[in-house]
Every structure is written in structure tokens, then in C-alpha cells.
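This report looks at a few local features of one structure. Please look over the sequence and the model before reading on.

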There are 2 protein chains.
Amino acid sequence: MNKRLLVVQKFGGSSVANPERIKRVAQRVVETERAGHHVVVVVSALGDTTDDLLTLAGQISQTPAERELDMLMATGEQVSVALLAMAIHELGEDAVSFTGAQVGILTDNRHGKARIVNINTRRIVRELDKGRIVIVAGFQGQNLNQDITTLGRGGSDLTAVALAVALKADVCDIFTDVEGVYTCDPRIVPNARKLNRLSYDEMLEMASLGAQVVQARSIFVAKRFGIPVHVRSSFTPREGTMITQAAKAMEDIVVSGVSLRKDEAKVTIRDVPDKPGMAAEIFRELADKDVNVDMIIQNVSREGATDVSFTVGKSDLPATLRVARHAAHRIGAGDVTTDEQVAKLSIVGIGMRSHSGVAARMFEAMAKERVNIEMISTSEIKISCIVRRQHAERAARALHRAFDLGKKRKGA
Amino acid sequence: MNKRLLVVQKFGGSSVANPERIKRVAQRVVETERAGHHVVVVVSALGDTTDDLLTLAGQISQTPAERELDMLMATGEQVSVALLAMAIHELGEDAVSFTGAQVGILTDNRHGKARIVNINTRRIVRELDKGRIVIVAGFQGQNLNQDITTLGRGGSDLTAVALAVALKADVCDIFTDVEGVYTCDPRIVPNARKLNRLSYDEMLEMASLGAQVVQARSIFVAKRFGIPVHVRSSFTPREGTMITQAAKAMEDIVVSGVSLRKDEAKVTIRDVPDKPGMAAEIFRELADKDVNVDMIIQNVSREGATDVSFTVGKSDLPATLRVARHAAHRIGAGDVTTDEQVAKLSIVGIGMRSHSGVAARMFEAMAKERVNIEMISTSEIKISCIVRRQHAERAARALHRAFDLGKKRKGA
């Protein structure tokens, strides 16, 4: 007989889009429980609920207060948890649902993008001890003032991992509509291969680069506390991708995947004076306005000035432009230009650390496809290039081939 | 200039059915605030939300757990309060929304029909002191276990009155889609007249008898703590009906109104042994199953046995029948029969206390219309008759005439 594990299972909005799917999720959860494990389930809002609520709010106000928006949005997950509890009851098992506030998910005050500060697990543990399946609303918590907060995009993943950490769970299952993490998006590269194992660092780079199966912040937390994250399909019982610390088997794999992100825009501040503190001025102001900057590129200066470029999510572009223009004016820089017709193409792999020539191979592959590289940025386990958007998918396929990531005859 | 009052305003589901109406409610609330008053607003769920949520639950389970149903239903009001806060912000005023749990509405454990035990007003007072309009989700609270509870049908009225009590408010405005309390339902009696003032006791009898503008429990609480309740239209600025302790002006009015209720069924237990404790056995068992019994009639016995009849809400009929049959069997009584084709017709008036002949006048009026009276029950300020349902409206009009309740040339 198996050891009795504590498993946290997270199901996203598409997994609970309607009553039929909720029943399927209930079945899945009950199977895990009947296999002898303790189960804590985290669910997102039903399918389109989030959009419907945003539409309602939009009919009332174009600039709704973030506190009230959180109050509104949090109802979505509350509906899901109640319905899932009912569905599990129908299968004859005991289950109890909770809001984020009820299970003591304490966050800071940043409405709409709150960070989890602490989780008081007393109530969950008490319910698990009674033999119940515990269902928790994802994406939400409350601040010290007992106001409802939400954790931002992909927040349910974070709820799941944070609960797994707080409860010292054995594993955190993230159920999605794909079978795991792939070497590249299969819609772009048909012979993309599912990865059986992946390190947190690789997944972090993948997640932040657009392999949007798991939210990056949640992987960061999982890494910090060593919680294994199992990304798997809600439609099949097959194993997905297990994300853990770097494992032996991975060390001879140089590049794990190719990642493509098309939801960013490039911003350039021209003629930034070449003196200390200029970058700090710019990026401090952006940070204060909660703009998440991704790549930052600054090359050597010419004639006492340099250009500073960076990328941001497209939805942040209007706010970014206002801040960037203000900062540019203040430090005596030149024009601020933007470009939305870009894509970011990256290769990720823990093996890069010990292998030279990976960058060269990447650039050569793109050159052979005659894809121009506009910006380059590298980390220890990642190399990213900004290219024209219309060439991005072709370049991704070329890289996938160049690093031999396609389906192999023998097991991966 | 007016004294600065503390006003609690309650708006029902039809008043906030869509964004346009929510904006109108916001306008109304802001007008009160700009007139110099502190305002606490209580709102119900948007129009059909409650039904939509019940339908969802019904697709998952025919017998959902009440705790989970409360978790689900409470989201309806949470959506309303957030949207109303946004709408008030749009008008340039400061407002903040709360769930029942957040403003410390503590209830007992009876999910679906919880009773308010206590309200901790600390948070509301703090927000009012900051000059904010406070918006509270109606219908909901939490128990000592921090589980969400709901207060049952009409629960938002109760939330409003209970908040008015806890905050020592000057008045509790209940906004509805009618202009106040009428001498009879104007759809049945075209010349029914709006009452300017009414006593709590009269309103209590009216409310429990089917003048469903205000929930009876909330009037009971208002009476106990002496909170004036102003029933008024959300569509006009006109005064509605002010409900307070019996006022001088009312003492010469014998009968205030005629009330008709068609949502009850009659249950009769035949041949109940005529010995002590039989009625107690029956109604204790019904009470334990949370069945709300309305009228109870037991006449003198014949041959050592008697028939006991009572009325219950039609929706409670299946549960009632099970309990009544069980009880009848246990105490050695006979068959249990039901009749859904009945209606309850009542006259209500604080003046009855000091006037004789009111009952006789009522029965004569019905006799003249050849309406048979099947059961009679009286209280100090009310006389109710059970009649065939198809005759009920005609009888109501006859009573309205008999007690001269129609529109008068001079002001009421």
C-alpha cells in the first residue's frame, strides 16, 4: 500500500467551465482521495466568469477602484469552490469549501496583484484531520485590514503552491488542458516533445517566457521551498511534467526548450545621458508605478549618450509610456519610442551553464533562416532574442531543429 | 440646516438588476449623503442572480449541502456591493463595500436561515468617521466558525434593520418597487390606498400575511429596538409609509388593511387522540425539522378525538407531510390530508383591540359575497380566514369596501 501523501491539486478555469466539467474534476479529486491520500484542492473561477465580471464593472466605471474590483472578482472562485464541494458530496465523499480569507491567506495591500505574506493552516489541518477534502478558492486572500485581495494573473497557481508550502505537502499537482511542459508550443512546432522532468530554474525561464502552463511566481515559491510541482492534464491519467530541483538525468541535456512570447512591446528611450544613476531613475519610477519590466538592454554609449530599451507586457504599455516620458524628460533624455510588432524568442536549458557555443548555435540557426535579431539578453540558463513578430514562429521551428528537441524514438 | 442623521438604506434585487439601475441607486444614495447625512447602504443580489446560482447548483446536486449553498449564494450580494461602490465613486463620492462577514455580522449555525447574534460595528463606524458611504452585502453573515451563512428569504431587510439597530441609526429606509404599504394589493383592489403611517404590529401582521414589501422578521427587530422603518419607492422621491410605534393619529382607524396570501397549503391530521401533549408532539417534531407553521386550528373534540389543522408555506409541504405522517403514526392519530387550493384572507388593524364587532363585520361581508369560511384564527390585531382560493380576490375587494379602506377625497 502507498504511503499516505498530502496532495494539493489545482484546477484552472477551463477545467471547471460548466457543471459537467466540475463533476469530472470532482471524480479526479475523489480518485486521489480514495487512493488513500489527503487532498487539498484549489480552483479558479468558472470559464468566462472573470471576463463577465469585468464587463459588468466596465459598464459602471472605466476606472474602478482596485479594492472594489478585488471584491467583485473574488466571487468567481467562491462560486467554483461551493459547486465543487457539492459535486464531491454527490460522489459520497466529505468535502468543505473555503474562501482565501477563511483559510487565513494573508496578503499585503496591493489590490489586484497582492503578495501572500502568511497562511494560517489551522482550519485546513482541522478539516483534513476530520477526513475531509478541503477546497480553497484560488487567486484570493485578505490583507491585515480584512479587505479581500487578489493575486493577479495566474494567482490560483500561486495559491496552490503556497498552500503546499504551508501544509508541507508532498506534491502540488497543477492540472491544465495540456499534458505537461513541451520543448516548444506544439501549435508552432508539430514535433514538440513533452518533458518528463524539468528543473525549477528551467521552468521559471519557460514560464516567464510564455510557456503559460504555470505562473512564474508560483514556480519561484515552489523552488524556494522545494515543493515538487506536477504539471499534468485534467483529461488523462497520464503523468505530466514533474518539476523539481535539477536532477541527474537532466545534466546532459543542454537545451530543454524553445519559448516564444508575443504579448510584449519594446520601449526605447533615446539619448540617455551617459552618467551614473540614469537607469536607476528610469526603472525606479517604473517600479513605483508597478510596471513589470522584462528584458532591459543598454549598450555602450556614443557621444555621451546611450539608448535604453526594455520590454513590458502590452497591457502595461500606456502606463509605461506615461512614466517613461516623464522620466526621460526629467533626466534630459530624448524621445521615447515603442514597437509592438516584436516577439521574444528564447532557448532555456540548465545545461547551458556548462556548455559553450550554445548562443552561437542559436544565432547561426536564426541567420540561416534570415531572421534578424534586434535585441539580445542572456541569463545563466536562457538566451532571449527580440525579433520581428512575423518571423518568430519560423525562427522557433528552426531553433527546435537546431537543438534536436523533437520527438525521439527512445524515451525522452 | 438639517441635523446630521445616520440613515440605513436598503435596495432590493430589482433595484440593482442591471448597471443602469445600479447607477440610479448610487444617485439616490449620494443625494442622501449630500443632504448631510451619514449613509450605510444594504443591497441584495442583482435581479436574477439568485435564481441563476440555484440553477447552477441544481445541475450539480439535487440536495446540495446547506453550508455550500450559502457559500454559493453569498457571492450574489458581494457582486452588488462592489458594483455599487464603483458607481458611487463615479459620482465623485467616497464609498467602500463589505461582505457580511467583514462587518462582523455574526449569526448562529443555521445555514440558509441563520439568525443574527451580534454585529460588531467597529469597522463601519471607522469608515463612516472617514466620511465614507458604507455598503454592506445583505442577506449574509458568518458563524463563530467563520463559515458564511445566509439569513433566508428577505434577509437583506433584516441586515438593514439589524445594522440600523447596531449603529443606533435614525431611520432605516427600505426601497422597493411600490410606493409604500397599501390598504390592500392594488392589483386586486384598484382603489387601494397608500398608508402614510403604520404601527410595527400592524406591519408585522401585514408582512407575515403577504404584503411582501418588507420581511416580517426585520419588522420584529425594528419594533423591539424602536427603529423607524420607512418603506418607500426607489423610483420617486415621495414619502412612503413610515412604520413606528402606534401613533395618535392611527387610533381612530379600526382596520388598516386587507391582506391576501396564496402561497400556503392546509394540512389536517385527523383523529388526534384527545389527551394532553398531542399537539406538543406534533409541533415539536415540525419545529425540529425547521418547518414554519403559520395558522394552527384545533376545535373541540368528538368521541375522544379531534382534527388538528395548520398551514405551511407550499414549498415546505413535502417535508411537512413526511414529518406530520410520522408524528401522526407515533401518537396514534388518523390520516394526514392536504389542500393546496386555499388562500388566507386577513384584516389587520391596531384599532381592533378597542373595537368590538370587527369580526362580525368581516364575516358578514364574506357571507354577502357567498364566500365560505373554512378556518378562522384571530390575534389581537388580526383576523384571518382560510377560503377557497378562487374566491379569495373577490372576498378581498368586499372586505376593502366593508371597512371603507378606499381612496378618500381628503388626505389619509
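The model is predicted. In chain A, the buried residues of α2(A) are A:T49, A:L53, A:A57 and A:I60. Viewed down the axis of α2(A), these buried residues fall within an arc of 70 degrees, so they line one face of the helix. An α-helix has 3.6 residues a turn, so residues three or four places apart point the same way.

Elements of both chains contribute to the cover over the buried residues of α2(A): it includes α3 (66–90) of chain A, along with α1 (19–34) and α3 (66–90) of chain B.

## The other side and the length

A:D51, A:T55 and A:G58 are exposed, on the other side of α2(A).

Helix α2 of chain A spans residues 49–60, twelve residues in total. From its first C-alpha to its last it reaches 17 Å, close to the 16 Å expected at 1.5 Å a residue.

## Phenylalanine 139 in chain A

Most residues other than glycine have a negative phi. A:F139 is not a glycine, yet its phi is positive, at about 80 degrees. A:F139 sits in the loop between β6 (133–137) and β7 (140–142) of chain A.

Is A:F139 buried or exposed? A:F139 counts as buried because it has 29 C-beta neighbours inside 10 Å, where 20 or more are needed.

## Phenylalanine 139 in chain B

B:F139 has a positive phi of about 80 degrees, although it is not a glycine. The loop that holds B:F139 runs between β6 (133–137) and β7 (140–142) of chain B. With 29 other C-beta atoms within 10 Å, B:F139 is buried.

Conventions: Residues numbered from 1 in each chain as written. Chains lettered and ligands numbered in written order. Predicted model: local features only at pLDDT ≥ 70, side-chain atom pairs only at ≥ 80, totals over all residues. Helix = DSSP H or I, 4+ residues; strand = E, 2+ residues; numbered from the N terminus. Expected span 1.5 Å × (residues − 1). Buried ≥ 20, exposed ≤ 12 C-beta atoms within 10 Å, placed from the backbone. Arc of directions from axis to C-beta. Contact = placed C-beta atoms within 7 Å.
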